Amino acid sequence: MIMTLEQCYAQMNADYEDTIRRIPNKKLIQKILLKFPKDESYRDLCSAMEEKRMRDAFTAVHTMKGICLNLGLRELSRAAVNLTEALRNDPTEKVPELFTELKSVYGDTMSVIEKYRDEQEDA
């Protein structure tokens with residue numbers, strides 16, 4: 001059975017109902033969600049963190065946070081908000097731990113989106 005958009009959101013522990021209220025077009029939500037893995041903000045964040053460019057890391061995670069909030073990606077936006085605030089307030093305290101958490105949640109989210117995409121393409 002092919003995963004529905006609602007089931008995809010449920011697997012990501014995302015907020016489909018809030019998203020459909022904000023973007024009342026299921027096809028548009030699907031289109032944006034399927035483009036999300038191509039967004040550069042996560043890669044920008046990773047390279048900035050690796051190179052200890054905290055200002056660039058803040059910009060990248062702040063961008064990512066906005067996208068996640070608009071898409072209702074509750075778990076990923078929570079992790080992005082936490083890292084954004086840590087980078088804004090004190091880049092040395094808790095940032096590595098919060099970055100590790102964000103990477104884990106991002107990986108989980110991408111796995112679900114990729115599975116959803118693959119099932120849509122095979123349908």
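**View 1. The whole chain, element by element.** From the N terminus on, the elements of the chain run α-α-α-α-α-α-α, which amounts to 7 helices and 0 strands; helices (H or I, at least four residues) and strands (E, at least two) are DSSP runs, numbered from the N terminus. The model is a predicted one, in which local features need pLDDT of at least 70 and side-chain atom pairs count only at pLDDT 80 or more, while totals for chains, interfaces and linings use all residues. Residues are numbered from 1 along each chain as its sequence is written, and side-chain values use heavy atoms, with hydrogens and water left out.

**View 2. The overall dimensions of the chain.** Along the principal axes, the C-alpha atoms fill a box of roughly 45 × 25 × 20 Å. The radius of gyration of the chain is 15 Å, which agrees with the value near 14 Å that a compact globule of 123 residues would have; this radius is taken over C-alpha atoms, and the globule rule is 2.2 Å times the number of residues to the power 0.38. Of the 123 residues, 39% count as buried, where buried means under 20% relative accessible area, exposed over 50%, and partly exposed in between (1.4 Å probe, protein chains only).

View 3. In helix H3, which spans residues 26–35, the buried residues are Ile29, Gln30 and Leu33. They cover an arc of only 100 degrees around the axis, which puts them on the same side of H3; the arc is that of the directions from the helix axis to the C-beta atoms. An α-helix has 3.6 residues a turn, so residues three or four places apart point the same way. The face of H3 turned away from the buried side carries the exposed residues Lys27 and Lys35.

**View 4. The surroundings and the start of H3.** The buried residues of H3 pack against helix H1 (5–11), helix H2 (16–22), helix H5 (54–71) and helix H7 (95–122), with contact meaning heavy atoms within 4.5 Å. At the start of H3, a side-chain oxygen of Asn25 reaches to within 3.0 Å of the backbone nitrogen of Lys27.

View 5. A search of the whole structure finds 0 disulfides, a disulfide being a pair of cysteine sulfur atoms within 2.5 Å. The sulfur of Cys46 lies 13 Å from the closest cysteine sulfur, in Cys68, which is too far for a bond. Cys46 counts as partly exposed because its relative accessibility is 22%, whereas Cys68, at 0% relative accessibility, counts as buried.

Methods. Polar contact = N/O pair within 3.5 Å; in protein donor to acceptor, adjacent residues only side chain to side chain.
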